[in-house]
Amino acid sequence: MSAEAAIRLTEILLALAFLQKSVEHCVGLPDERRYFLPLAALSLLLLTGIESDLVCYALLVNALFILHRFQGPYNGGSDLLGYLILVCLCLAHAAPDPVWRDYALAYLALQPILSYFKSGWSKAIHRDWWSGQALRDVFDFSAYPVSDAVRARFRVSALLAPMSWAVILFELAFPLALLHRDALVVALAMAAAFHVANFLLFGFNRFVWIWVASYPAILWLQARLAAAGVLPWTG
Amino acid sequence: MIRSFAAAALNSLRLLLPALFPSWRFFDVIGPSPRIEVAALSHPDDDATAWRAVRPRPDRLGAAGYLRTFFFNPRWNETLFLVTCAEGVIRDESDHTLREIRDRLRADLNRDADGTAAPWFRFRIALLSRHDGRVRRDVVFTSPAYPTVDGAGS
């Protein structure tokens with residue numbers, strides 16, 4: 001995948017993610033509309049691809065207003081990754097030459113990879129995750145389970161320890177998928193399925209939209225590394 | 001004017017920094033979890049006794065509910081934001097987090113009561129946590145009384 005294609009595909013997916021959250025905020029408190037109607041309009045413009053560099057800069061200004069309105073991210077990690085993608089797109093558009101553009105795109109690709117690996121590592125060093133106790137606590141008393149049926153079904157499940165280890169091992173192993181394109185495609189499909197599972201259990205719908213928006217950059221990075229001959233296989 | 005705009009811009013850039021250098025530690029430690037409860041009052045000095053959970057989750061969500069909320073889930077995402085605000089209230093009782101909770105509960109009360117809401121309300125935050133293998137519940141914050149209609153009574 002070329003850098004231009006990765007940037008354009010990222011813009012399209014980011015615009016869809018921003019449109020999705022704009023629509024949600026337009027039925028929130030009345031004052032939120034003054035921030036999210038412009039976001040919806042700019043996202044539609046970004047979808048068209050017309051002057052996308054200028055639209056990205058305008059979206060960044062809008063993001064600063066929204067951050068000020070809520071005094072931080074409204075929806076935790078999903079907002080953080082959205083802003084990170086946006087900043088990297090702005091840097092890629094503003095880059096004086098292709099080398100700096102590639103650095104911006106590589107940083108964008110690196111962060112979601114790190115998001116999996118660091119999340120896996122931070123679980124792996126906590127003993128409660130080894131036994132499934134941490135996951136049991138999530139279902140038992142955290143605010144996240146999306147319904148009482150989900151909470152009741154999983155709080156006593158024998159699957160909690162295997163589920164914990166599956167998540168830890170998948171997250172820790174994710175960076176290895178960069179070694180071959182086919183492995184990366186499979187890993188990204190599994191990662192998307194993981195986010196969908198988090199939506200089904202915890203209602204984190206925005207995370208699905210925004211994490212998928214970062215995948216073109218990861219695919220580009222893998223292709224770039226393979227083309228540079230730094231990978232042991234040429235996939 | 002210029003000074004306050006510059007301060008707001010600097011604050012926004014400061015708030016952007018965690019997005020540029022994220023820590024990415026999802027669900028590493030499952031800490032105490034806040035629950036918000038609300039009580040309607042006839043008078044601001046009344047003792048609140050009839051506390052009820054704010055936005056209790058549904059018994060179950062069917063296939064149609066999942067399909068809809070994948071694309072459009074404002075209520076649940078706002079509920080998650082209320083959890084974040086409750087954690088902020090416990091941490092430092094900032095005006096911002098108190099105001100966010102107050103305004104959203106006020107909107108809920110007015111929408112649910114359809115014009116017949118009690119004139120005042122109070123909210124409180126309970127923390128659920130695991131101690132000695134059991135889940136315990138501690139009330140850690142109770143708000144002052146707020147008018148249910150914005151601008152009324154205060």
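**Reading helix packing and a chain contact**

Me: Which residues in α3(A) meet which residues in α4(A)?

Reply: This is a predicted model, so keep that in mind as we go. From α3(A) come Asp53(A), Cys56(A), Tyr57(A), Leu59(A), Leu60(A) and Ala63(A), and they meet Tyr83(A), Leu86(A), Val87(A), Leu89(A), Cys90(A) and His93(A) in α4(A). Sort the residues of that contact by class and you get 10 nonpolar, one polar and one charged.

Me: OK, that's the contact. How do I describe the way two helices pack?

Reply: For two packed helices you give the angle between their axes and the distance between those axes. Here, α3 (residues 52–70) and α4 (residues 76–94) of chain A pack at about 140 degrees, with axes 9 Å apart. That angle makes α3(A) oblique to α4(A), since roughly antiparallel is kept for angles over 145. The crossing of α3(A) and α4(A) is left-handed.

Me: And at what angle do α7(A) and α8(A) pack?

Reply: Again, you want an angle and an axis distance. α7(A) packs on α8(A) at about 150 degrees, and the axes are 8 Å apart. α7(A) and α8(A) are therefore roughly antiparallel to each other. As for handedness, α7(A) passes α8(A) in a left-handed crossing.

Me: Which residues meet there, in α7(A) and α8(A)?

Reply: On the α7(A) side, look for Arg136(A), Phe139(A) and Asp140(A); they meet Arg151(A), Phe154(A) and Arg155(A) in α8(A). By class, that contact has two nonpolar, no polar and four charged residues.

Me: Why is α7(A) described as largely enclosed by the rest of the structure?

Reply: You count the buried residues along the helix. In α7 (residues 133–141) of chain A, seven of the nine residues are buried, so the helix is largely enclosed. The buried ones are Ala134(A), Leu135(A), Arg136(A), Asp137(A), Val138(A), Phe139(A) and Phe141(A).

Me: What covers those buried residues of α7(A)?

Reply: Check both chains. The cover includes α6 (127–131), α8 (148–155) and α9 (160–173) of chain A, along with β1, β3 and β4 (134–142) of chain B.

How values were computed
Residues are numbered from 1 along each chain as its sequence is written. Chains are lettered from A and ligands numbered from 1 in the order in which they are written. This is a predicted model: local features need pLDDT of at least 70, side-chain atom pairs count only at pLDDT 80 or more; totals for chains, interfaces and linings use all residues. Axes are lines fitted to C-alpha atoms, for helices over the stretch in contact, and angles run from 0 to 180 degrees between N-to-C directions. Helices (H or I, at least four residues) and strands (E, at least two) are DSSP runs, numbered from the N terminus. Angles under 35 degrees count as roughly parallel, over 145 as roughly antiparallel, 65 to 115 as roughly perpendicular and the rest as oblique. A crossing is left-handed if the near helix is turned anticlockwise from the far one by less than a right angle, and right-handed if clockwise. Two residues are in contact if their C-beta atoms, placed from the backbone, lie within 7 Å. Ala, Val, Leu, Ile, Met, Phe, Trp, Tyr, Cys and Pro count as nonpolar, Asp, Glu, Lys and Arg as charged, and the others, Gly among them, as polar. A residue is buried if 20 or more other C-beta atoms lie within 10 Å of its own, exposed if 12 or fewer, and partly exposed in between; C-beta atoms are placed from the backbone.
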